[in-house]
Structures are given as C-alpha cells and as structure tokens.
Amino acid sequence: MSSAIGEKIKLSVFGESHGEAIGCVIDGLPAGVKLDFDEIYKDMARRAPGKDLTSTPRLEKDIPKILSGVLDGFTTGAPIACVIENTNTKSGDYSNLMTVPRPSHSDYPAYVKYNGFNDIRGGGHFSGRLTAPIVFAGAVAKQVLKEKGVLIGAHIKQIGTVCDGLVDYNDITEELVLSLASKSFSLVDQSREELMRNEVERARMSLDSVGGIVECFAIGLPVGVGGNMFDTVESRLASILFGVPAVKGVQFGLGFDFANKNASSVNDEYEVKNGEVKTLSNNNGGVLGGMTNGAPIVVSAVIKPTPSIAKKQRSVNLQTMENTELEIHGRHDPCIVPRAVPVIESAVALGLLDLMM
C-alpha cells in the first residue's frame, strides 16, 4: 500500500476512518513560512462533515494537532507531522461488510489484496475521511504558494443535472479565486445553490446519492512550470487528484469537449498586451506541452456518487460464495461534491508547489 506522493514536497497520509486518528507528514517545505492557522482551520471546516443535509451526519471537529515542523507559528524546515483525532465513530454499522462487499467500493479488491486483514470500518484507509489530512497539507501548501504569488480556488461546477454559471477561463480574477476559496458551498453563481441542494435532497430522500464536478483555478504561475512527456503539469496534478477517493475523471480546460471541435475554433491565439505575451482564450486550461503558458490553470475533477447508499443492492457473500442482497447501514453523504471542493484545491496546491520547488 502506497500512501505517499511528491518529489520535492513529499506527502504521506496515514490512519483509518475509525482508528484513533488520521494524519500526515509533509517533508520538503521551506523554513520561515509564517502559517495562518485561522486559514487552515477555515479550510478544514469547509471539508468537515455533519454541517447540513448534503453531507453525512457524522460530526467531526477535525482540529489538526501539529507534532513537529512548526515553532512559534513558523515552519522550521523539518517535516511537519499532523494528527487529527477520530471522535465520532460507529464501527458496528460495518460488521457485515467483511463478508458482503459494497458495490462500487474498495471492499472486494481490498479483501482479496490484503487477505481479509484490511480495516473495513468506515472504509478504513480507503475512506474519504483520509481527505482531512490532505486538506491540512493543502492549506499549508496554499500559504507557501501565496508567498510566490499563486492563488487557488475551486467551485462546484455541477451536481447531477444542475450546473454553476459559466466562467471565462482567460479572465480568472484574484477576487473570484479568493471568494471561491472562502465559501462552504462554493459557486460562481450563488443563485444555483438552491437548485443543487434540491438535487441532493431528491437523491437523499430516494435513499440514493448523486455525483458532480469540481472545477479548480490557479492564477499567478509563471510561464514554463512543468515539463514534457511524463513530467507534465497535467500528469503530476492528475496523479495526486486521482488519489482523492471518488475522483473518476480529470480534465484540463475544455478537456473532453475538444473531441467535437475544430482547431480554428479552440486554438488559444496570442497577442501582445501591455508589453507581455498573452493568450486570447484559454481552452487548454493554462497548460501547453505539459508546461504552464501564463494563463490561469483550469482543471476539473469528476466526483462519482457516494457508493454507500441505503437502497438494497446485489452483492455476494465471500464466505459462502453465494449471491445475496446488501443493505448498507451507517452515515454517508448523499453528495460528496460540496465537501470535495477544498480537497481538490488542496490536491492542486500540493501538486503545483511540488512542481515549483
């Protein structure tokens, strides 16, 4: 099992959903960065469960306890170790899952790979609970990036059939990015919130769940960050984004929408503006040849519907090798997308900081 990523900035995540604690170790951060803990706690609160009907009723405070790497509010250059206690677990809800795996979850392949010794409670090490330390690490990374002039913010692009307002990818402002990064239900067009919440509520009342898309922006990057072939901005960000549970697709700029276009309609042409080379559009999401081109980074992640739903589903009994039905108990999100926004921001921040170091 590998739960570590990064070259210059290395992140290692540990713990299980219903263990005593979860946490992370961040190695490679520069010394002397003053950390704003209010900003860190704000991001942790945006991800934390139990706040409204779009999320699981499991209530966790998610207060990170820093064990090393920070002194008097400044990074020391040593690895930062952080733990987050699990205080609200109901492990009995998962007692039947060792023999009857949940559809579309990690239960069956993990059972086979680890010979049944994997921790099944709350999904164990495969749980979305493990995104809490990613958000802590990302909140720290965002503060280091801010010193370099790079800002990151994301929004709910879509939940079910409801989409947020459109954004000009070539005109992502500092005001927009900071606004998105401060919201608990992050939208460009806040009037879409009620429609999205209604979509989630319909799924919840049907004992079901619904998926969506999170779109993330990064501004302020210099031209030429990244590389070609296997060291591209796309490949490095995709690698960490796919480490986020429930992410099933990643695209940059127009992404899959390039498929039905002609080059003449989507090529990002150039102009000289205020003595600098600028793009007239940003359909490529700020990346060409694997490198940043000076336009805003635009990357989207598709979040699948939470597989743990209360409806009866077909499964198998791994002890008797017979077909059976599974009724899942426990507390689960009818839609993970709103809480995934700070997670996607954090993953992008960690990937970009690693590239820039």
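Helix 5 (residues 193-205) has 13 residues and reaches 18 Å from its first C-alpha to its last, close to the 18 Å expected at 1.5 Å a residue, where the expected span is 1.5 Å times one less than the number of residues. The model is predicted, so local features need pLDDT of at least 70 and side-chain atom pairs count only at pLDDT 80 or more, while totals for chains, interfaces and linings use all residues. Residues are numbered from 1 along each chain as its sequence is written, and side-chain values use heavy atoms, with hydrogens and water left out. Helices (H or I, at least four residues) and strands (E, at least two) are DSSP runs, numbered from the N terminus.

| State in helix 5 | Residues |
|---|---|
| Buried (under 20%) | M196, E199, V200 and A203 |
| Exposed (over 50%) | E194, R202 and M205 |

Seen down the axis of helix 5, the buried residues fall within an arc of 90°, so they line one face of the helix; the arc is that of the directions from the helix axis to the C-beta atoms. These buried residues pack against strand 8 (151-159) and strand 9 (162-163), contact meaning heavy atoms within 4.5 Å. After helix 5 comes L207, whose phi is positive, near 60°.

Elsewhere, V233, R236, L237, I240 and L241 in helix 6 meet residues of helix 8 including I344, A347 and V348.

Technical notes: Buried means under 20% relative accessible area, exposed over 50%, partly exposed in between (1.4 Å probe, protein chains only).
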